[in-house]
Amino acid sequence: MGRIRILTDQVANQIAAGEVVDRPASVVKELLENSLDAGATRIRIEVEAGGRKLIRIVDNGHGMGRDDALLAFERHATSKIRSSDDLLSISTLGFRGEALPSIASISRLDLTTRMEEDPSGTVIEIAGGKILRVEDTGAPSGTSIAVHDLFFNTPARRKFLKAESTELSHVTALVTHYALAHPDKHFELHSSTHALLVAPPVKKPAERIYQIFGNDTLQQLIPVAAELKMERAGLPEPPPWKRDEAYRAPEPGFLRVTGFVSKPELQKLNRNSLYFFVNRRLVRDRLIVHAVTEAYRNVIPPTSFPVILMFLEMPPEEVDVNVHPAKTEVRFRQSSFVHDFVRDTIRNALINARPAAAFLQAITASALATPSLLPATSPLPRSPVESSTPLGGLRL
Ligand SMILES: Nc1ncnc2c1ncn2[C@@H]1O[C@H](COP(=O)(O)OP(=O)(O)OP(=O)(O)O)[C@@H](O)[C@H]1O
Ligand SMILES: [Mg+2]
């Protein structure tokens with residue numbers, strides 16, 4: 001008998017979970033993104049013991065029929081892509097078909113779901129990847145998932161969890177920033193003792209900032225909005241012999257930047273208040289951080305960081321999201337174009353907002369720098385390269 005064996009699904013799922021789920025906040029991220037992909041307009045999240053004991057998410061999205069609800073826990077089962085071509089233009093937050101089976105393999109999970117048109121819903125109970133119960137049930141339309149006892153069967157992972165308060169602050173940061181990215185939706189986050197965030201729908205992003213951070217923060221931010229027609233499409237065209245008669249050259253599309261950047265006098269000691277969304281996906285991106293640093297050069301001291309909440313919108317073909325297991329990093333097909341546009345947009349906003357003399361004052365005022373904008377921690381795992389690799393000869 002040979003030495004090589006194919007792993008069981010259960011082990012394969014636990015290995016996949018290692019890539020996707022490293023703490024309660026990453027479970028919340030995956031479930032939240034699923035709710036948004038399902039078209040939910042109301043999302044309520046509840047956590048106990050920093051998410052270690054319980055994470056419950058209830059949405060009013062399109063729900064699932066019984067067969068789909070069972071399939072959702074199979075590896076590589078997704079409703080979001082069909083072929084490898086679809087990978088070139090992903091417009092949903094999920095596409096790997098890995099999140100639910102991964103989470104279910106390292107927790108005790110209950111799912112209740114119903115499609116609006118179905119007379120009854122489905123409840124599924126899973127523990128450590130094993131399905132224990134599948135039944136019809138009465139339920140409101142939408143989906144509710146409860147994840148109990150995260151990492152109960154992977155003690156090594158459990159050991160890496162930080163204090164409950166730390167895990168809770170990661171969850172809060174994550175939900176807060178998704179709420180900022182979707183002002184038109186209702187978000188709620190509760191712990192067993194507190195309502196941590198209650199954000200009913202509002203019309204404008206500025207109203208959401210006011211709702212969450214208050215007027216003082218809003219007054220220290222400058223709105224930015226700019227749009228640029230791309231000169232060419234990022235994906236190369238097929239060679240002439242592969243084009244049929246119906247072939248049309250792709251439209252280059254637009255690059256849009258909207259959001260808020262801080263006035264020079266608002267300075268932070270770390271990068272935790274830099275938030276970038278690419279097509280509404282929260283990402284960590286060195287290229288954009290570099291563009292921001294360039295924009296603020298000689299505006300704030302090199303040791304300080306601004307507060308940035310920035311939304312980049314571009315045709316899905318212009319960005320490759322399939323480069324990181326947790327989908328927190330992206331690659332732009334026209335990276336220098338994106339970099340320069342972000343830099344110039346911020347720079348212009350800063351110049352228009354303040355006379356030059358004020359910059360001089362701000363640059364000497366580093367003593368006023370404060371830690372990051374609430375909450376104190378960043379919701380995304382920090383990639384080790386980010387802090388140590390110089391980019392273009394510049395240490396960020
Ligand atoms: N809240 C929800 N409402 C409706 N359908 C859902 C919900 N959550 C998951 N699904 C369905 O279950 C499928 C599997 O979800 P899962 O998160 O595992 O994969 P995915 O979102 O397709 O990809 P990824 O692994 O990148 O997140 C989804 O494609 C979707 O069809
Ligand atoms: Mg998903």
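User: Leaving aside neighbours within four places in sequence, which residues is aspartate 59 in contact with?
Analyst: Aspartate 59 touches Ser35, Ala40, Arg42, Ile43, Ser141, Gly142 and Thr143, where contact means heavy atoms within 4.5 Å. This is a predicted model, in which local features need pLDDT of at least 70 and side-chain atom pairs count only at pLDDT 80 or more, while totals for chains, interfaces and linings use all residues. Residues are numbered from 1 along each chain as its sequence is written, chains are lettered from A and ligands numbered from 1 in the order in which they are written, and side-chain values use heavy atoms, with hydrogens and water left out.

User: Is aspartate 59 buried or exposed?
Analyst: Aspartate 59 is buried, at a relative accessible area of 9%; buried means under 20% relative accessible area, exposed over 50% and partly exposed in between, with a 1.4 Å probe and protein chains only.

User: Which strand holds aspartate 59?
Analyst: Aspartate 59 belongs to strand 2, residues 54-59. Helices (H or I, at least four residues) and strands (E, at least two) are DSSP runs numbered from the N terminus.

User: What separates aspartate 59 from phenylalanine 187, in sequence and in space?
Analyst: The two lie 128 residues apart in sequence, and their C-alpha atoms are 9.7 Å apart.

User: Phenylalanine 187 is in strand 7, then. Which way do the residues of strand 7 point?
Analyst: His186, Glu188 and His190 point one way, Phe187 and Leu189 the other way, and all are buried. Because 5 of the 5 residues of strand 7 are buried, this strand is largely enclosed by the rest of the structure.

User: In what sense does strand 7 pair with strand 1, and in what sense with strand 8?
Analyst: With strand 1 the pairing is parallel, over 5 bridges. With strand 8, strand 7 (residues 186-190) pairs in the antiparallel sense over 4 bridges. Two strands pair if DSSP finds at least two bridges between them.

User: Which residues stand opposite each other there?
Analyst: Leucine 189 faces leucine 197 of strand 8, and glutamate 188 faces valine 198 of strand 8.

User: How many residues lie between strand 7 and strand 8?
Analyst: There are 4 residues between them, and the two strands form a hairpin.

User: What is the strand order of the sheet?
Analyst: The sheet is open and has 8 strands in the order 5-4-3-6-2-1-7-8, with mixed pairing. Strand 5 (130-137) and strand 8 (195-199) are the edge strands, each pairing on one side only. Neighbouring strands are turned by 10 degrees against each other on average, direction ignored.

User: Which strands does helix 6 lie across?
Analyst: Helix 6 (residues 164-181) lies across strand 1 (42-48), strand 7 and strand 8, and runs at about 170 degrees to strand 7. Axes are lines fitted to C-alpha atoms, for helices over the stretch in contact, and angles run from 0 to 180 degrees between N-to-C directions.

User: Changing topic: at what angle do helix 9 and helix 10 pack?
Analyst: Helix 9 (residues 286-295) and helix 10 (residues 335-353) pack at about 35 degrees, with their axes 8 Å apart. Among the residues that meet are Leu287, Ile288 and Val292 from helix 9 and Val342, Ile346 and Leu350 from helix 10.

User: And the chain overall: how many helices and strands?
Analyst: The chain has 12 helices and 15 strands. Of its 396 residues, 48% count as buried.
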